[in-house]
Amino acid sequence: MALQVLQMVLPIVVLLLLGALCRKKQIFDMKGLAGLKSVVGDVCLPVVLFNAFFTAHYSPTVVLLFVLVYAGFAAALAAGFALRRLVGVHGKFFPFLLASAEGGMLGYALYGVLMGEQSGFAAVDLGQTVFAYTAFLGLLSLTDGQKPTAKGLLKNMVTNKCCIGMALGILLGALGVGQWVLSSAASGVVTGIISAVTAPTSALVLLVVGYELELDKSILKPVAVTVACRLALMAVLLIAVSFLTFHIVPYDRGLHIALMILYALPAPFIIPLFADVGDEGKYISTSLSVHTLCTILLFVAIAAFSLT
């Protein structure tokens, strides 16, 4: 089993190290990084999300997970506001580092490495994605003194290519078009095109994450508190959501693994994109980096669990 776990984890570690090496050797600069992010965020991930929801099986379980995941992250965000004194002057962004998750840039990639396909992660990611682009971004905008509006939140969603891909996938999948296409003669053509676009996603994401890993020793204490609080909250959410889900619906190992990965992920990488982080940039990036490393360690345990 140790060899099988190593086969799953080692490619991730190698890609992260390659990303860090690219930064150190300046194989590509920040403009190149921005280009990679654009390819991932504007091309690969929208197709990954579209395919995940396009081919998903819609059921009461999906609705249940949506409610539980959304409510759980809302509770985590509220806990963050209640506990922000723990990190002193860094409390402004502390709550946002405890809520939501980087499903798009990391969750699908890790689930795909482990399970061989990415669509199984969609059921748990739906509630997280909707939460990220509604309550999460609405409150995040307050850090800049902006007043969140329904119009502004809607604009964020309809202009984000990942949300567009997800929405189209949900619409066509819920209407049964996805299952109809998969059972038709066109199945091979459609899946072939989608696979060609999504194949490099995991590798590109991990290269980008490795490139951006940053550890600033001067703020390790508040970062350690932040990561410890998030890990504790996510452990509680994993136990609670898993218990409620499998108390209501039959146990599904693949779904359980998806939940484990969801709650092992760091906070969304979009925080600096939607807020003026100012001097808090190092605190945020270091917190995300440290938790990303924790995620990889947790992934080892999840991989071992998947093989038992």
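Colleague: What share of the contacts in the chain with a separation of 6 or more comes from residues 24 or more positions apart?
Modeller: Residues 24 or more positions apart account for 84% of those contacts with a separation of 6 or more. Please keep in mind that this is a predicted model.

Colleague: How many helices and strands does the chain have?
Modeller: There are 14 helices and 0 strands in the chain, and from the N terminus on the order of elements is accordingly α-α-α-α-α-α-α-α-α-α-α-α-α-α.

Colleague: And what about the radius of gyration, against a compact globule?
Modeller: The radius of gyration of the chain is 19 Å, which agrees with a compact globule, because a globule of 308 residues would have a value near 19 Å. Taken along the principal axes, the C-alpha atoms fill a box of roughly 60 × 45 × 40 Å.

Colleague: What percentage of the residues count as buried?
Modeller: Of the 308 residues, 50% count as buried. The accessible surface of the chain comes to about 14100 Å², and 71% of that surface belongs to carbon and sulfur atoms.

Colleague: Changing topic: which helix does Ser187 lie in?
Modeller: Ser187 lies in helix 9, which covers residues 187-198. The side chain of Ser187 reaches back to the backbone oxygen of Leu182, at 3.2 Å, and once its neighbours within four places in sequence are left aside, Ser187 is in contact with Val181 and Leu182.

Colleague: Is Ser187 buried or exposed?
Modeller: Ser187 counts as buried, because its relative accessibility is 16% and the cut-off for buried is under 20%.

Colleague: And Thr201, which helix is that in?
Modeller: Thr201 lies in helix 10, residues 201-212, and a polar atom of the Thr201 side chain lies 2.8 Å from the backbone oxygen of Thr198. With a relative accessible area of 3%, Thr201 is buried.

Colleague: What does Thr201 touch, not counting residues up to four places away in sequence?
Modeller: Leaving out residues up to four places away in sequence, Thr201 touches Cys44, Leu45 and Val48.

Colleague: Which residues is Lys161 in contact with, leaving aside its neighbours within four places?
Modeller: With those neighbours set aside, Lys161 is in contact with Gly41, Asp42 and Pro46. Lys161 itself lies in helix 7, which spans residues 161-174.

Colleague: So why is Lys161 called partly exposed?
Modeller: Lys161 is partly exposed because its relative accessible area is 41%, and that class lies between the buried limit of 20% and the exposed limit of 50%.

Colleague: How far apart in space are Phe66 and Gln128, C-alpha to C-alpha?
Modeller: Phe66 and Gln128 are 7.7 Å apart in space, C-alpha to C-alpha, although they are 62 residues apart in sequence. Phe66 is found in helix 3, residues 60-83, and, not counting residues up to four places away in sequence, Phe66 touches Leu126, Gly127 and Val130. At 27% relative accessibility, Phe66 counts as partly exposed.

Colleague: Now the loops: where is Ala56?
Modeller: Ala56 sits in the loop between helix 2 and helix 3, and Ala56 is buried, with a relative accessible area of 17%. Between Ala56 and Tyr283 the C-alpha to C-alpha distance is 38 Å, for a separation of 227 residues in sequence.

Colleague: What is phi of Gln26 near?
Modeller: Phi of Gln26 is near 55°, a positive value in a residue other than glycine. Gln26 is found in the loop between helix 1 (2-24) and helix 2 (30-54), and at 46% relative accessibility Gln26 counts as partly exposed.

Colleague: And phi of Ser100, what is that near?
Modeller: Phi of Ser100 is near 60°, again a positive value in a residue other than glycine. Ser100 lies in the loop between helix 3 and helix 4 (103-115).

Colleague: Is Ser100 buried or exposed?
Modeller: Ser100 is buried, with a relative accessible area of 0%, whereas Gln26 counts as partly exposed.

Terms used:
Residues are numbered from 1 along each chain as its sequence is written. This is a predicted model: local features need pLDDT of at least 70, side-chain atom pairs count only at pLDDT 80 or more; totals for chains, interfaces and linings use all residues. Side-chain values use heavy atoms; hydrogens and water are left out. Helices (H or I, at least four residues) and strands (E, at least two) are DSSP runs, numbered from the N terminus. The radius of gyration is taken over C-alpha atoms; the globule rule is 2.2 Å times the number of residues to the power 0.38. Buried means under 20% relative accessible area, exposed over 50%, partly exposed in between (1.4 Å probe, protein chains only). Contact means heavy atoms within 4.5 Å. Accessible areas come from the Shrake-Rupley method with a 1.4 Å probe; for residues, only the protein chains shown count as cover. A polar contact is a pair of N or O atoms within 3.5 Å; within protein, one must be able to donate a hydrogen and the other to accept it, and residues adjacent in sequence count only if both atoms are side-chain atoms.
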